[in-house]
Amino acid sequence: MKFDTPATTNPIDQMKVVGQPLDRIDGPLKTTGTAPYAYERHDVAAAPAYGYVIGSAVPKGRITGMDVSAAQHAPGVLAVVTAENAGPLDKGKYNTAKLLGGPEIEHYHQAVALVVAESFEQARAAAALVKIDYAAEPGRFDLHAARVAAFPPEENDITGPPETHVGDFAGAFAQAPVTLDETYTTPDHSHAMMEPHATLAAWEGDRLTVWTSNQMIAWANGDLAKTLRMPKEKVRVVSPFIGGGFGGKLFLRADVVLAALGARAAGRPVKVALQRPLIANNTTHRPATIQRIRIGATREGVITAIGHESWSGDLEGGGPETAVNQTRLLYAGANRMTAMRLAVLDLPEGNAMRAPGEAPGMMALEIAMDEMAEKLGIDPIEFRIRNDTQVDPEKPERPFSARAFAECLRLGAERFGWDARNSRPGQRREGKWLIGIGMAAAFRNNLLMKSGARVRLDGEGRVTVETDMTDIGTGSYTIIGQTAAEMMGVPIEKVTVRLGDSTYPVSAGSGGQFGANNATAGVYATCVKLREEVTQRLGFNSEDAVFADGHVRAGNRAVLLGAAAAEGDIVAEDAIEYGDLDERYQQSTFGGHFVEAAVDAYTGETRIRRMLAVCAAGRILNPKSARSQVIGAMTMGAGAALMEELAVDTRRGFFVNHDLAGYEVPVHADIPHQEVIFLDETDPLSSPMKAKGVGELGICGVGAAVANAVYNATGVRVRDYPITLDKYLDRLPDAA
Amino acid sequence: MHSHSEPGLSRRDLLVAGAATVAGSAATGPAHAQDAVNTSSMDTVPRAPVHAPVRFTVNGREHALELDTRTSLLDALREHLHLTGTKKGCDHGQCGACTVMVDGVRINSCLTLAVMHEGADVTTIEGLGTPDRLHAMQAAFVKHDGYQCGYCTPGQICSAVAVLDEIKAGIPSHVTADIMATPEFSVDEVRERMSGNICRCGAYSNIIEAITEVAGRAA
Ligand code: FES
Ligand code: FES
């Protein structure tokens with residue numbers, strides 16, 4: 001189905017099942033520990049061997065010698081896979097560094113060997129016997145130092161243009177009566193999903209099956225085949241449950257390649273989970289940024305000049321953190337400029353993490369907006385609303401498909417009690433606590449991607465959906481079930497959803513908050529086709545057939561849905577494809593974040609006391625699971641604001657705090673009760689579902705809202721994330 | 001030249017020291033090993049693994065196992081008994097995904113060797129309820145959407161059940177105002193006690209609601 005004109009009324013608008021806050025259909029499995037993750041597939045491969053990964057001990061250089069003989073002779077060892085004996089390997093399309101390194105080393109903890117043994121304990125012990133000599137080479141590990149040599153990144157679909165210019169930014173900024181020119185930094189972040197990257201691989205002749213943990217089945221399938229130089233038809237990728245990804249499992253990673261190579265070498269199924277201490281340096285991370293923001297405005301608070309520049313680093317051949325994205329679209333202003341610069345660093349590979357670009361970009365921009373509002377003496381909400389725009393400010397001929405930004409801010413202000421905020425910082429005190437309130441805009445684009453599905457109807461009236469879409473905790477199983485139930489007029493109990501298998505039609509996959517809208521639209525399109533088949537078989541006129549309550553009705557005739565398949569299952573396969581509605585209209589999601597923070601006046605300890613997000617993101621397909629997406633993102637954003645930072649050893653070239661003890665993420669005690677409000681909205685330009693993404697909107701801006709609340713509490717402005725007490729303790733107001 | 005050895009220890013020392021506690025550190029250790037002792041890998045003949053029998057009860061069923069003594073309780077459950085509901089998030093006591101109850105006390109099963117639990121009574125997530133007969137805490141997690149990817153969830157649920165028991169048993173926590181008084185149920189008590197169970201999906205707010213509901217029901 002081609003979606004190229006705005007959606008009109010369709011069966012989804014009934015909202016009998018779609019839009020209901022149903023419990024997740026996979027909930028009973030997940031809460032009882034019976035949902036099978038990749039490393040747990042005792043059901044598909046009996047007695048697999050175990051792989052243990054060895055990561056490079058240097059960040060850059062060469063392996064000059066590797067002695068695996070002791071490991072090979074260690075008890076239980078079946079194979080030791082290295083680049084030397086693995087045979088020729090290509091690199092995946094989506095990988096920057098090789099997944100099996102050697103002799104060249106491209107980054108610290110790049111995998112250099114896999115030891116395969118009968119047991120995990122034996123593989124681990126034998127791995128410690130592998131002796132590797134390296135010739136280390138000097139590398140570039142410090143973004144601040146490498147910044148001078150940074151260059152404009154190459155333009156592509158993901159990166160977009162390296163620079164944009166509208167009007168005369170420099171002139172307008174120079175003339176503006178009120179200006180801000182500040183630099184903000186965000187550190188490297190680790191996805192730190194709870195399930196390590198893990199794979200069970202099994203060969204049958206020249207055919208390979210991997211049970212793995214991956215967000216994008218088709219990408220993994222293609223890149224695994226490419227890496228192993230196999231036809232992709234001979235590779236099957238299965239990933240029905242994924243213990244978190246956040247972008248870290250978008251791509252083929254070392255666990256998959258090594259499990260496949262290990263299984264080939266050992267002649268039996270092998271499973272590999274990346275050891276936790278390897279993950280931060282072996283896999284990808286969100287790159288650090290340096291961001292300079294300049295805003296010029298009239299005294300009335302009308303922005304006349306807005307400029308945003310961002311520097312980030314990556315391995316040779318990698319890409320930038322697109323932190324200026326939102327500044328191209330969020331606020332009006334006649335004179336504008338944005339620019340990205342990319343430095344080559346020899347740190348591990350930088351890549352997408354939840355809301356790449358906007359997450360760190362909004363952390364900076366929305367502090368800048370708070371600072372600017374204060375300079376102008378205008379309420380920060382009012383300042384944002386004064387610079388609202390209903391068109392793409394760089395291309396005014398493109399209106400937003402829907403933009404209820406001001407409504408989100410106003411509603412949030414009312415619900416959060418914004419009135420009670422003292423615009424002078426450091427004024428509110430409760431015992432030892434300094435109390436502050438802050439807000440920030442939320443903004444993230446809505447992406448349209450082709451997505452396919454197969455839907456089967458059987459004689460019992462049961463509907464089965466198959467698509468390679470993944471559920472990474474997002475609720476895909478449930479919203480896909482809801483979509484099929486609504487379309488076919490059956491209760492959700494009558495729908496079976498099967499996901500995450502490369503033998504199913506290719507979907508949008510999970511990433512960039514594009515999964516929910518596109519994958520359900522693909523199921524919608526397929527159900528439209530199935531409905532046509534059903535009406536044809538039943539001899540109904542498809543125009544006036546109604547699918548409801550397990551029946552198909554037309555005129556005064558009503559037939560059980562299953563009757564259409566009495567002679568045999570009916571199977572439809574289709575995909576949603578898009579025209580140019582996303583070029584003619586800018587499609588984005590909007591919101592406002594509100595945070596109350598308390599800062600200990602003596603120790604500087606910060607506690608978040610209240611959080612609210614108001615979101616306008618099209619139709620909300622399941623308010624319960626959508627809310628969870630938003631609170632989860634708010635939690636990750638709170639981590640980015642207050643604690644998360646991969647500490648770079650700029651001499652030795654690696655992330656030092658590479659486990660869950662060293663890389664701090666929010667725990668229960670850090671997170672208060674969280675509120676989320678969704679505006680009642682549909683966006684007929686996004687898809688027949690009229691929905692948009694929401695899973696990343698929740699992280700975009702929340703960090704700045706925390707930062708602004710801490711400022712409001714203390715009067716100390718911190719522009720370098722995370723906002724840890726060492727950065728402001730000496731500047732806190734007199735406690736006594 | 002960088003070498004792959006631990007500073008100041010020979011391979012033999014490492015093996016003698018007990019493979020389970022030190023193995024793995026060499027493979028993933030820091031890069032500052034220039035001054036390491038360069039041992040030839042062939043001067044050490046690795047010993048055959050030591051196996052030992054152990055009996056314990058899991059979810060009411062008795063098991064007699066013959067295990068490599070380096071096997072953690074977590075791996076005994078997951079790899080030997082195929083009870084994969086208990087998750088491995090870090091294998092280093094940092095995340096709580098592996099939480100089980102041993103003789104009524106919650107522990108990180110990755111941080112303890114299986115052979116240390118002769119005669120123990122272990123309860124895992126599978127022992128609390130099944131998809132058709134959910135334990136009250138499991139049902140409350142479903143109702144309040146106290147999970148997303150589900151990977152931390154069994155650990156969260158086992159911890160939650162144990163936390164309510166700990167409060168009832170009068171065990172104080174870091175946030176208990178008066179450690180001589182009986183602690184009262186409060187969301188702050190629960191947040192503190194649950195803080196060893198990381199949920200990167202960020203379901204905390206919902207998890208607290210689920211636990212609060214069960215506590216109300218049980219009270
Ligand atoms: S696996 Fe045991 S605490 Fe993480
Ligand atoms: S549900 Fe994913 S880590 Fe908690």
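## Aromatic contacts in a predicted model

A:Arg403 lies over the face of A:Phe400, 4.8 Å from the ring centre. A charge sits over a ring here if NZ of Lys or CZ of Arg is within 6 Å of the ring centre and within 35 degrees of the ring normal.

Residues are numbered from 1 along each chain as its sequence is written, chains are lettered from A, and side-chain values use heavy atoms, leaving out hydrogens and water.

Now to the ring pairs. Rings of Phe, Tyr and Trp (its six-membered ring) pair if their centres lie within 6.5 Å; planes under 30 degrees apart count as stacked, over 60 as edge-to-face and the rest as tilted. The count is 17 aromatic pairs over all chains, including these two:

| Pair | Type | Centre to centre | Angle between planes |
|---|---|---|---|
| A:Tyr52 and A:Phe120 | tilted | 5.9 Å | 50 degrees |
| A:Phe443 and A:Phe590 | edge-to-face | 5.5 Å | 65 degrees |

A:Phe443 lies in strand E18 (residues 433-445) and A:Phe590 in strand E26 (residues 588-600) of chain A, so the pair ties together parts 147 residues apart in sequence. Strands (E, at least two residues) are DSSP runs, numbered from the N terminus. Both A:Phe443 and A:Phe590 are buried, meaning under 20% relative accessible area (1.4 Å probe, protein chains only). A:Phe443 and A:Phe590 also form one aromatic cluster with A:Tyr331, A:Phe400 and A:Phe405.

Key. Predicted model: local features only at pLDDT ≥ 70, side-chain atom pairs only at ≥ 80, totals over all residues. Helix = DSSP H or I, 4+ residues; strand = E, 2+ residues; numbered from the N terminus. Buried < 20%, exposed > 50% of the residue type's maximum accessible area, 1.4 Å probe, protein only.
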